[in-house]
Amino acid sequence: MELDEIAGLIDHPAWRLLRADNAPLVLSFCAAVFVDENARGVPETVLVSRLDDQLYTLSERGSASFTRPAAAYLTDWTNSGWLRKYYPPGEDEAHFDATPALEKAVAWVRGLPARSFIGTESRLNTIVELLRQMAFGTETDPQARIDELRRERDRIDAQIAALLIGEVEVLSPLALLDRYQQVESTAVELLRDFREVEENLRELDRRLRQQVATAEGGKGELLAAFFLDRDEIADSDQGQSFQAFFDYLLSSDRQDELRDLLAQVNQLPQLEGKTNRHLLKIPFAWLEAAENTQDTVRQLTEQLRRFLVDRTGVEDRRVLALVRSIQRHVAELADLPGLPGLPGMELDVPQVELALPMERRLYMPVERVELDTSSAEAFDDAKADISELFAGVHVDPEVLTEQVLAAVTASPSHQASLAAVVDEHPLTLGLAELLTYFQLEHPGLDVVVDGDRTDQLVYSRVETPGHSQATVPHVTFVLDEGGQASGKAQQQ
């Protein structure tokens, strides 16, 4: 780092916290509330009460350095950039949250004491594994990838063979402690990164609010600048990494696997007395932190929506006022005595009728036919012939469909009635064939039933000699645009 760059960081909130006179109080209290407990959005009354308890404990121990009220300390810490004070939507009580500067200062101070055990093996293995993933993940030669996978397979086969003969290799207690410390530090760093991402989004929100408050021109330039900044954060390395991590958290299977692994590791006898119980709650802390970040994005989007609505309303009212002013001047000129009619002319302006997709009905209700049974005659089993309803006659709908398509395709209007189709192709299978026409289904072919008109159709009986006559509604087969193309293809 250069000298000027370091000098510019002296006013950073984290640096000022480390130089503050009450830094031990700030670090100890805020680290316990916001870092250890991973509390986000603590109400003001709760935070003041907890700080009062700590100040009382310190005064009982003889410390006379902290004599101010707890609320005054919180105000100073907020003004210094160590805490963030805000009002959640729909609430009147202020809430507090830690800033990334506070978390950085806490992490740096906690890393100062000498540690009795410093693990290096797990970090070296992590480095090697990450390097292997990068080298293997960017390899474009299929053979090289196959060779690497085969080496991995041979290594796994060797481990399986060793287990089959009873050779079980387990991690030593030091290796377990090394890896556990790395997991714990990485989990805490992830939570700290969440607050930094959220802070970047809030900064974008503040910048947008300032632009909205001072905007005087059109909306186009302002929206372009907003979307550019929004895309810049989303497409940045930090934004893409956060989105990938959030997608991982949304998987219920991975969440269950993570919680099971944490519970299993915390119960290992080799780590007895060395585990952190807070680590078991880390998946829930990640989800809560990710949800807070998503809430910040939603608030930013809501702010943009309000801006659009407000600006559109103002513009609409301005246009309406101008139109009314013009109408008022026209009326005043027309009422002046001795002034001939105002010049003007009428134009027939063509109008285009637009039909939006969402204006179309999702379905067409089936027309209900009311049956009049007042004049129904008694049914005579001896005279009625219903044998055709039970005759074992098979009707092929595809053959009937081809006949209908041929008829409607040959027609200039791309439609044909059922009576015309039956005249051209007489019914040979009786009533069953006639009823099948009403059930035809084909892409692009519509069946329109007109209940106000009827047709008389004559067909030959199947089981008995002779003919029968049926009165049916007027049916029209219509071919739409998609069906026309299909029909032409069949003709060719």
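Reply: The questions and answers that follow set computed values against the definitions of the terms.

Me: What kind of model is this, and how are its residues numbered?

Reply: This is a predicted model, in which local features need pLDDT of at least 70 and side-chain atom pairs count only at pLDDT 80 or more, while totals for chains, interfaces and linings use all residues. Residues are numbered from 1 along each chain as its sequence is written, and side-chain values use heavy atoms, with hydrogens and water left out.

Me: How many helices and strands does the protein have, and what makes a run count as one?

Reply: The protein has 17 helices and 6 strands. Helices are DSSP runs of H or I with at least four residues, strands are runs of E with at least two, and both are numbered from the N terminus.

Me: Why is Ala70 called buried?

Reply: Buried means under 20% relative accessible area, exposed means over 50%, and partly exposed lies in between (1.4 Å probe, protein chains only). Ala70 has 2% relative accessibility, so Ala70 counts as buried. Ala70 lies in helix 5. Of the 492 residues in the protein, buried residues make up 28%.

Me: What does Ala70 touch, leaving aside neighbours within four places in sequence?

Reply: Contact means heavy atoms within 4.5 Å. By that criterion Ala70 is in contact with Val48, Leu51, Asp52 and Leu55, leaving aside neighbours within four places in sequence. From C-alpha to C-alpha, Ala70 and Val48 are 5.7 Å apart in space, although 22 residues apart in sequence.

Me: How do you know that the buried residues of helix 5 line one face?

Reply: The buried residues of helix 5 (residues 70-79) are Ala70, Tyr73, Leu74, Trp77 and Thr78. Seen down the helix axis, they fall within an arc of 135°, and therefore they line one face of helix 5. The arc is that of the directions from the helix axis to the C-beta atoms. These buried residues pack against helix 3 (23-36), helix 4 (44-60), strand 2 (83-86) and strand 3 (95-98). After helix 5 comes Gly81, whose phi is positive, near 90°.

Me: Is Arg84 buried or exposed, and what surrounds Arg84?

Reply: Arg84 is found in strand 2. Its relative accessible area is 18%, and so Arg84 is buried. Leaving aside neighbours within four places in sequence, Arg84 is in contact with His95, Phe96, Asp97, Thr99, Glu198 and Arg202.

Me: What makes a set of residues a nonpolar core?

Reply: A nonpolar core is a set of buried Ala, Val, Leu, Ile, Met, Phe, Trp, Tyr and Cys residues joined through side-chain atoms within 4.5 Å. The largest such core has 31 residues, and those with the most contacts inside it are Phe34, Trp77 and Leu102. Helix 3 supplies the largest share of this core, 9 residues. Apart from this core lies another, of 23 residues, among them Ala419, Leu427, Leu434 and Leu440.

Me: Which residues does Leu102 touch, not counting residues up to four places away in sequence?

Reply: Leu102 touches Leu17, Val26, Leu27, Cys30, Trp82 and Leu83, not counting residues up to four places away in sequence.

Me: Why is the link between Arg68 and Asp76 called a salt bridge?

Reply: A salt bridge is a side-chain nitrogen of Lys or Arg within 4 Å of a carboxyl oxygen of Asp or Glu. The closest N and O atoms of Arg68 and Asp76 are 2.5 Å apart, so the pair meets the definition. Arg68 is partly exposed, with a relative accessible area of 40%, and Asp76 is partly exposed at 28%.

Me: How many salt bridges does a search of the whole structure find, and where are the others?

Reply: The search finds 3 salt bridges. Glu148 forms one with Arg151, the closest N and O atoms being 2.6 Å apart. Glu148 and Arg151 are 3 residues apart in helix 8 (residues 142-164), and therefore they are separated by about one helical turn. Glu152 forms a salt bridge with Arg155, with the closest N and O atoms 2.3 Å apart. Glu152 and Arg155 also both lie in helix 8, 3 residues apart. Glu152 is partly exposed at 32% relative accessibility, as is Arg155 at 43%.
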